[in-house]
Amino acid sequence: MTGTANSRPVVWIVDDSPLDAERARQALGDRYDVRGFADGSAMLEYLDSHKAPDVLVLDWVMPGVSGIEVCRFLRTGSSARPQLAILLLTMQTRTDDIVEGLAAGANDYLVKPYADPELRARVDALVRWNGLLERAQKAEASVLQLLEHAPDPLICVDDQQRVSYVNAEAQQVLGRTAEDLSAKPIAEVLPTLAAERLTDAARTSRPLSDIQIGERIFSPTIRALPSSGDAALTIGLRDVTSRRSKEIRRLDFYSMIAHDLRSPLGAMLMRTDLMLRGQRGVLSAEVIADLRKMDGNMRRLVALINDFLDFARMEGAAHKMETVRVDLLALMTEVVDEFKPLVENNRQQILVSADRDGKADSIVALGEKSRLQQVLANLVANAIKFSPAAGRISLLARRIGPWCEVAVEDDGPGIPAEILPTLFQRYTRAPTSRSDPSGTGLGLLIVREIVEAHGGIVGVESEPGKGSRFWIRIPAADPVLTEGGFSTAVAASS
């Protein structure tokens with residue numbers, strides 16, 4: 001605003017009628033510093049060497065330069081004043097004339113003759129608008145200053161996914177100037193990121209895969225600008241080159257240890273198997289019982305090693321995932337087929353279904369198929385393990401808003417309420433009455449890590465004696481446009 005904390009806002013009145021000008025001055029003089037001009041040319045000449053007012057009250061019909069011509073001059077060309085609030089005084093009441101005045105750049109209009117309170121109210125509103133605009137511009141300038149001095153490269157894109165801003169760090173990393181990057185499609189600036197669904201990532205907080213620029217590796221994060229919803233996005237690039245290198249070395253170390261442990265265990269399992277099958281002569285019942293205990297313990301140790309190695313891999317799941325469109329019903333069917341021999345041996349029944357709300361479309365999620373297959377396999381294995389002989393297990397997929405949900409339900413013994421909050425934590429197992437305490441307690445933790453790496457959530461519902469229902473929710477894929485309309489069928493999971 002032109003007025004400061006110690007001065008009043010300034011209003012200029014441009015009117016060739018001395019009577020009308022004086023009336024406006026009297027109506028506004030008690031709260032504004034008012035200056036009058038007899039014609040538009042005099043006002044423009046004065047404006048050329050003085051600070052603009054907070055509000056310009058401009059008469060439409062004047063000799064020489066008309067009010068609407070002054071309005072157009074102030075809104076166009078190199079001397080444009082787009083932020084100057086203009087109130088147009090007019091005797092025109094036709095809609096076309098009013099539209100013409102507003103199209104010329106007036107912020108508001110007032111029909112003559114007017115009441116003094118209405119003039120004051122409209123000028124007050126424009127002064128408030130000016131103040132809000134000034135504060136918004138200062139806030140924007142502060143945000144841009146923070147972005148400019150941010151330690152990470154930052155790129156802003158508009159609703160057309162074209163670059164609207166890059167800070168100094170981004171210019172240095174990309175090796176291009178802000179002028180060169182301005183208005184460029186993000187698909188051109190970051191080709192490997194363009195394949196990701198930026199809007200979906202911002203809406204669901206789904207992590208994005210790492211991208212490589214030159215010799216450096218960056219982890220992108222997507223945020224929607226608060227004032228623009230999903231239309232305008234900010235892409236932050238965190239340099240994780242050193243961290244990823246350490247993770248690779250650590251995983252290589254885990255793999256080496258796992259290999260060194262599994263090799264002798266595998267050899268021992270082969271020998272115990274030969275002895276249990278009678279390949280090393282007749283053994284007493286006591287020896288056979290001991291061998292079976294040794295065999296079971298060694299197999300649990302191998303499972304423990306595999307789970308620890310798998311959990312170590314989860315640390316990098318989010319930045320290594322290559323997401324595709326996955327048909328969840330087809331994936332559930334694949335997983336269930338792998339467990340058929342075990343299910344038939346237990347005389348259990350397992351059902352797979354999808355709730356499409358009466359639609360024929362498949363339920364398609366965005367994710368890494370092998371990881372989602374691992375999640376479902378873990379949940380199905382648990383359901384089989386804790387369900388009684390001849391028990392029933394069901395898998396159901398459905399669409400819930402932006403999510404795809406898969407639920408695995410069993411009729412097992414259920415889980416006490418005090419244990420439910422800890423099930424997806426490290427080394428937690430559901431209680432079982434079985435004598436075989438197999439499992440490492442890492443299975444559900446791995447499920448949670450994979451689902452959260454997809455930007456999803458996990459949950460469980462259970463009561464003792466009433467079975468359990470484990471569910472996961474992951475971001476749903478948008479429909480794809482085909483010649484016959486919209487479809488969600490995919491080839492990536494077939």
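First, a term: a nonpolar core is a set of buried Ala, Val, Leu, Ile, Met, Phe, Trp, Tyr and Cys residues joined through side-chain atoms within 4.5 Å. Buried means under 20% relative accessible area, exposed means over 50%, and partly exposed is in between, with a 1.4 Å probe and protein chains only. This is a predicted model, in which local features need pLDDT of at least 70 and side-chain atom pairs count only at pLDDT 80 or more, while totals for chains, interfaces and linings use all residues. Residues are numbered from 1 along each chain as its sequence is written, and side-chain values use heavy atoms, with hydrogens and water left out.

Now the core itself. The largest nonpolar core has 43 residues, and those with the most contacts inside it are Leu 328, Leu 379, Leu 395, Leu 423, Phe 470 and Ile 472. Among the elements that give two or more residues to this core are helix H14 (328–338), helix H16 (369–386), helix H17 (443–453) and strand E17 (468–475). Helices (H or I, at least four residues) and strands (E, at least two) are DSSP runs, numbered from the N terminus. H16 gives the most to this core, with 8 residues. Apart from this core lies another, of 20 residues, among them Val 10, Phe 37, Leu 47 and Ala 106.

Take Leu 328 as an example. Leaving aside neighbours within four places in sequence, Leu 328 is in contact (heavy atoms within 4.5 Å) with Ile 363, Ala 365, Ala 397, Cys 404 and Val 406.

Next, helix H17. Which residues in H17 are buried? They are Leu 444, Leu 445, Ile 446, Val 447, Ile 450, Val 451 and Ala 453. Arg 448 forms a salt bridge with Glu 452, the closest N and O atoms being 3.9 Å apart. A salt bridge is a side-chain nitrogen of Lys or Arg within 4 Å of a carboxyl oxygen of Asp or Glu. Because Arg 448 and Glu 452 are 4 residues apart in H17, about one helical turn separates them. Arg 448 is partly exposed at 22% relative accessibility, and Glu 452 is partly exposed at 41%. After H17 comes Gly 455, with a positive phi near 80 degrees.

The structure holds 32 salt bridges. One of them joins Asp 20 and Lys 112, with the closest N and O atoms 3.3 Å apart. Asp 20 lies in helix H1 (residues 18–28) and Lys 112 in the loop between E5 and H5, so the pair ties together parts that are 92 residues apart in sequence. Is Lys 112 buried or exposed? Lys 112 is buried, with a relative accessible area of 13%. Arg 23 and Asp 116 also meet in a salt bridge, at 3.0 Å from N to O. This pair links H1 to helix H5, across 93 residues. There is also a network of salt bridges linking Arg 398, Glu 405, Glu 461, Arg 469 and Arg 473.

Last, the backbone. Most residues other than glycine have a negative phi, and most peptide bonds are trans. Lys 112 and Pro 113 are joined by a cis peptide bond, with omega about -10 degrees. Gln 161 has a positive phi, near 55 degrees, and sits in the loop between strand E6 (154–157) and strand E7 (163–166). Ala 183 has a positive phi near 70 degrees and is found in the loop between helix H7 (178–181) and helix H8 (186–189).
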